[in-house]
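Today I went looking for aromatic rings that pair up.

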Amino acid sequence: MSDVEIRTQRLALRRPRPQDLERCAELLGDYEVARMLSRVPYPYDIELGRRFITSAMANWSDPVGAEELSFHVDRDGEMVGGLSFKELQETPKIGYWLGRPYWGKGFISEAAGAAVAWLFGNTGHERIVCEAMTENPASLKVAEKLGFRVIGEVGCASVSRGGTVPAIRTELTRTDF
């Protein structure tokens, strides 16, 4: 499973690799992207990015025991975003992001749908959760398109903003997918 690559009509989802760091810094260095994510600082921190990629690569060496699995999303051989499943030993939580030049083209809906299908097809998990900041209607729309249903309001930590912001928690069951 360590060489997983998921292909869709327009995209490839693959394991992160060291040469992604510069592209991550370019795409995640945009405040409009970083401010909607929980773990990404602004300005982007290269050393934290390097540690994240190293950790993400290591998790793929034992995906069954990993707490988190991350994919980078490529379009025509160029990285355009990423997604992760966190809390894999409990109820997985999906998170996703896309570089601003690629917004509004349906890429993250396509990638997230393929990733959810992969997770349900390769694990015994019965549900997945997703949290999106209330001021991020695009992320909420992605979850809705995939069939996630709202289960409540939560606070979402935001490293780039230095605090907690309101978010909507949604869930998707294997049956509903």
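Here are my notes on the aromatic pairs, one stop at a time.

**Entry 1: the tally.** I reminded myself that this is a predicted model. I counted five aromatic pairs.

**Entry 2: tyrosine 31 and tyrosine 42.** I looked up this pair and found it edge-to-face, with 5.0 Å centre to centre and 70° between the planes. The edge-to-face label follows because the angle is over 60 degrees. I then checked where the partners lie: tyrosine 31 is in helix H2 (residues 31-34), while tyrosine 42 belongs to the loop between H2 and helix H3 (46-59). They are 11 residues apart, and the pair links distant parts of the chain.

**Entry 3: phenylalanine 120 and phenylalanine 177.** My next pair is tilted, at 5.8 Å centre to centre and with 50° between the planes. Where do its two members sit? I placed phenylalanine 120 in helix H4 (residues 107-122) and phenylalanine 177 in the segment after strand E8 (163-173). This pair also links distant parts of the chain, its members being 57 residues apart. For accessibility, I noted that phenylalanine 120 has 6%, so it counts as buried, since the cut-off for buried is under 20%. Phenylalanine 177, at 41%, is partly exposed.

**Entry 4: a cluster.** Last, I asked which residues form one aromatic cluster. I wrote down Trp60, Phe71 and Trp118.

Methods
Residues numbered from 1 in each chain as written. Predicted model: local features only at pLDDT ≥ 70, side-chain atom pairs only at ≥ 80, totals over all residues. Heavy atoms only, no water. Phe/Tyr/Trp six-rings, centres within 6.5 Å; stacked < 30°, edge-to-face > 60°. Helix = DSSP H or I, 4+ residues; strand = E, 2+ residues; numbered from the N terminus. Buried < 20%, exposed > 50% of the residue type's maximum accessible area, 1.4 Å probe, protein only.
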